[in-house]
Amino acid sequence: MPKLLFLGIFMSIFLFSECKKKQSKAQSIVPDSTLYTVTNYSSLVLDSTDISTFLKKSSISDSLKNEVNQFYARRNSQFAWFNQNGLTCAMPTFYTRLQNYRLDFDDNSLDNVQLDSLVAKVNADEKNFLKEKKRIVQLELLLTTTFFKYAQKVYGGTTKKSFDLEWFIPRKKKNYQILLDSLVSSAVCEKVPEPVNQYYIHLKEKLSQYRIIQKNGGFPTIITEKKELSMGDSDSCLIKVKQYLWLAGDLKINDKSTVFNDTLLQAVKVFQGRMGLVENGKINKKTIAELNKPIDFRIQQIMVNLERLRWIPVEMEDNYLLINIPEYRLHVFESGKQVWKTNVVVGQTARQTSIFKGNLSQIILNPYWGVPMSIGKNEILPHIKRNPNYLERNNIEVLSGEKVVNPNGINWSKYKTSLPYTFRQKPGKNNALGKMKFLFPNNYHIYLHDTPSKSLFKEANRAFSHGCIRVENPKKLVLYLLRNEKDWNEAKVDKILTTDQEVGIRVRPTVSVYIAYFTAWVDNTGQLNFRNDLYNLDDRLSKEVFGE
């Protein structure tokens, strides 16, 4: 899948859900210059004539032209959407936000054929696109003008009336230490303009707690020669383990003994749960590895995720699904509260699951699997060449256009780099999508589905898919989505699932699906969670925002 699809790290997905009832609540957000360094956000600079030439040919209003001119004047003409490494995180963030606005409000006034064409070319071949400065300049200025048109349309104004583009794309790198001190100091925090959504507020509270721990010396380092410690064991390292867990709030009693007792067992399980580890209560290699991550590292994780949370609105829909990729979990929210959750399998590092928002509109029982061309060419074709019975054994059809053709009449050996046929796996218990599929139209061809490979859900790290998301309890999700439909019940669903007949069910009203990327967050029980940076997006965001 194109690299661009994986760069939306700022969690823009949540902001895509603004509704027109909330537009009147927009407030001016102006960045505090004291939080910034002298280092430019981007090292790329537009030529002096680039902006004027572009605006002369543009059909936008004089007021919008003035906004664009002022924006680049304040930046000394430095790029906003590109830097020395290529696209910034803000580019796919804003473009996906724009697309969601068009779909949500059926508003074509912000359509831009030229912009869409350039973005499509980036998706298709980012490496070569970035070699052509003319196209980069064109896309840069199209994004900026479209942003201001979007702000005027959605918020009833531009930077002076609603918000500053520099809130999202600053002129300079942020000063990590000054921002950290500002966020945790009540004396200066009022100077820092902040979002006020509950996710940001709760995580900022944890930041303050971790900052106190840091100033008092941080977490202790755990050293032991034993491979594993469990209930009943004694070891001198348990004193420091207990100290850590007490500081973190997992151990409620400040126990300084060397004995692995029941209170430690429960505290270790809580800690393991917060880190996404198997909750077995044993202090093993993986648990010690998480315990020994320095307080500075944890604080930076929190800081990076606070940056992502800038994009979350104050309010969200009452009912929605949230998939957090590093957590490998789907959360179901009803009336603003989590009602249940289930494990998921996400994309491999090489086939990353995209980050975006969609609207779940259809359930498919007994689905066909339309095999993506890349999988057909790179995986299925070699199997056919080695084993002529591969297609029949795996219940796969060959299509020429929309017509099913006989594979036995095809000379497969002559196809190498291109393939004029597509593949489709018929419904059945061994179908790669399992027996259920959940559709929310998007440009990334991502959807939720069942799977015949149930054993993968037992793994702690569940990045195995080609990009789509496998759900551990798909039937429960089906029944939840149909809970208010009088024509559907569990018995009817079960009857259809015993067959191999494909059946589509409309979901009304549609349900928002957010595919997110959080490596630090506070859950609905108030626990601070951390996860590993599966796609290395934390590091990218940190370097882009802080220059570190």
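User: Where is Ser-512 placed?

Analyst: Ser-512 sits in strand E17, residues 503–516. Strands (E, at least two residues) and helices (H or I, at least four) are DSSP runs, numbered from the N terminus. This is a predicted model: local features need pLDDT of at least 70, side-chain atom pairs count only at pLDDT 80 or more, and totals for chains, interfaces and linings use all residues. Residues are numbered from 1 along each chain as its sequence is written, and side-chain values use heavy atoms, with hydrogens and water left out.

User: Is Ser-512 buried or exposed?

Analyst: Ser-512 is buried, because its relative accessibility is 7%. Buried means under 20% relative accessible area, exposed over 50%, and partly exposed in between (1.4 Å probe, protein chains only).

User: Which residues does Ser-512 touch?

Analyst: Leaving out residues up to four places away in sequence, Ser-512 touches Glu-317, Asn-319, Tyr-320, Leu-321, Lys-357, Gly-358 and Asn-359. Contact means heavy atoms within 4.5 Å.

User: What joins the side chains of Ser-512 and Glu-317?

Analyst: A polar contact of 2.8 Å. That term means a pair of N or O atoms within 3.5 Å; within protein, one must be able to donate a hydrogen and the other to accept it, and residues adjacent in sequence count only if both atoms are side-chain atoms.

User: New topic. Which strands does E10 pair with?

Analyst: E10 (residues 396–400) pairs with E12, residues 422–425, through four antiparallel bridges. E10 also runs antiparallel to E11, residues 403–405, with three bridges. Two strands pair if DSSP finds at least two bridges between them.

User: Which residues stand opposite each other?

Analyst: Ile-396 faces Gln-425 in E12. Val-398 has Val-405 in E11 as its bridge partner.

User: What lies between E10 and E11?

Analyst: Two residues, and the strands form a hairpin. Gly-401 in that turn has a positive phi of about 70°.

User: How many of E10's residues are buried?

Analyst: Four of its five, so E10 is mostly covered, given that buried means under 20%.

User: How many disulfides are there?

Analyst: Zero, across the whole structure. The test is a pair of cysteine sulfur atoms within 2.5 Å.

User: And the cysteines, say Cys-237 and Cys-468: buried or exposed?

Analyst: Cys-237 is buried at 5% relative accessibility. Cys-468 is buried too, at 14%.

User: What about the whole protein? How many helices and strands?

Analyst: The protein has 17 helices and 19 strands. Of its 548 residues, 52% are buried.
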